[in-house]
Amino acid sequence: MHYTEPGHSGWLGFAGMLGVILGFFHVIQGVIAFFRQDVYLTPGGQLLVLDYNTWGWIWVIIGLAQIAVALGILAGKTWARVLGIVFCGLSMIGQFAFLGAYPVYSVISIAISVLVIYGLIVAPRRASA
């Protein structure tokens with residue numbers, strides 16, 4: 001039997017680019033939590049048990065990590081595919097917590113995360129973007 005390399009996958013390119021966009025969205029979400037807390041209308045000034053600054057730092061860190069992982073996906077790194085799934089899962093959990101404050105953004109972010117995960121899973125194992 002002859003083994004051939006799977007070559008390029010459009011799904012990985014799609015997932016990588018969406019990952020970059022999602023990472024930028026999360027960084028922006030974190031920065032907004034620092035400077036425009038009135039955008040996230042929640043009673044008591046807290047999201048779950050966190051204040052806005054903590055929430056902002058969480059999203060900035062997740063966003064920057066997602067951008068780095070997405071660039072790894074675009075570079076064809078296998079580890080990046082695994083971490084991409086992990087970070088999108090964390091993103092979805094965080095967006096569920098954020099759903100009460102900004103439901104439209106949260107649903108869009110969750111949908112993009114699902115698309116990224118799908119793109120990372122359906123691409124052949126050794127394919128590159």
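**Close-up 1. Helix 3 and helix 4 pack at an angle of about 160°.** In this predicted model, the axes of helix 3 and helix 4 (residues 103-122) lie 9 Å apart. Angles over 145 degrees count as roughly antiparallel, and helix 3 and helix 4 are therefore roughly antiparallel to each other. Follow the pair along and you will find that helix 3 passes helix 4 in a left-handed crossing. On the helix 3 side, the residues making the contact include Arg-81, Gly-84, Ile-85, Cys-88, Gly-89 and Met-92. Helix 4 answers with residues including Tyr-105, Ser-106, Ser-109, Ile-110, Val-116 and Leu-120. Sorted by class, the contact of helix 3 with helix 4 has 12 nonpolar residues, seven polar ones and one charged one.

**Close-up 2. Helix 2 meets helix 3 at an angle of about 150°.** Here we turn to helix 2 (residues 52-74) and helix 3 (residues 78-98), whose axes are 9 Å apart. That angle makes helix 2 roughly antiparallel to helix 3. Their crossing is left-handed. Look in helix 2 for Trp-55, Trp-59, Ala-65, Gln-66, Val-69, Gly-72 and Ile-73, which meet residues of helix 3. Among their partners in helix 3 are Ala-80, Leu-83, Phe-87, Ser-91, Gly-94 and Phe-98. The contact of helix 2 with helix 3 is made up of 11 nonpolar, six polar and one charged residues.

**Close-up 3. The axes of helix 1 and helix 2 come within 7 Å.** These two helices cross at roughly 160°. That makes helix 1 roughly antiparallel to helix 2. If you are wondering about handedness, the crossing of helix 1 and helix 2 is left-handed. The residues in the contact of helix 1 with helix 2 comprise 21 nonpolar and 11 polar, with no charged residues.

**Close-up 4. The largest cavity has a volume of about 70 Å³.** The count comes to one cavity of 30 Å³ or more. Which residues line the largest cavity? They are Ala-15, Gly-19, Gln-66, Val-69, Ala-70, Ile-73, Gly-84, Phe-87, Cys-88 and Val-116. By class, this lining has seven nonpolar residues, three polar ones and no charged ones.

**Close-up 5. Helix 2 gives the most to the lining of the largest cavity.** Its share is four residues. Helix 1 (10-35), helix 2 and helix 3 each supply at least two residues of this lining.

Key:
Residues numbered from 1 in each chain as written. Predicted model: local features only at pLDDT ≥ 70, side-chain atom pairs only at ≥ 80, totals over all residues. Heavy atoms only, no water. Axes fitted to C-alpha atoms, helices over the stretch in contact; angles between N-to-C directions. Parallel < 35°, antiparallel > 145°, perpendicular 65-115°, else oblique. Left-handed = near helix turned anticlockwise from the far one by under 90°. Contact = heavy atoms within 4.5 Å. Nonpolar A, V, L, I, M, F, W, Y, C, P; charged D, E, K, R; others polar. 1 Å grid on protein atoms, 1.4 Å probe; cavity = no way out; pocket = protein on both sides within 12 Å on 5 of 7 lines; lining within 4 Å. Points joined across faces, edges and corners; volume = space filled by probe spheres on them.
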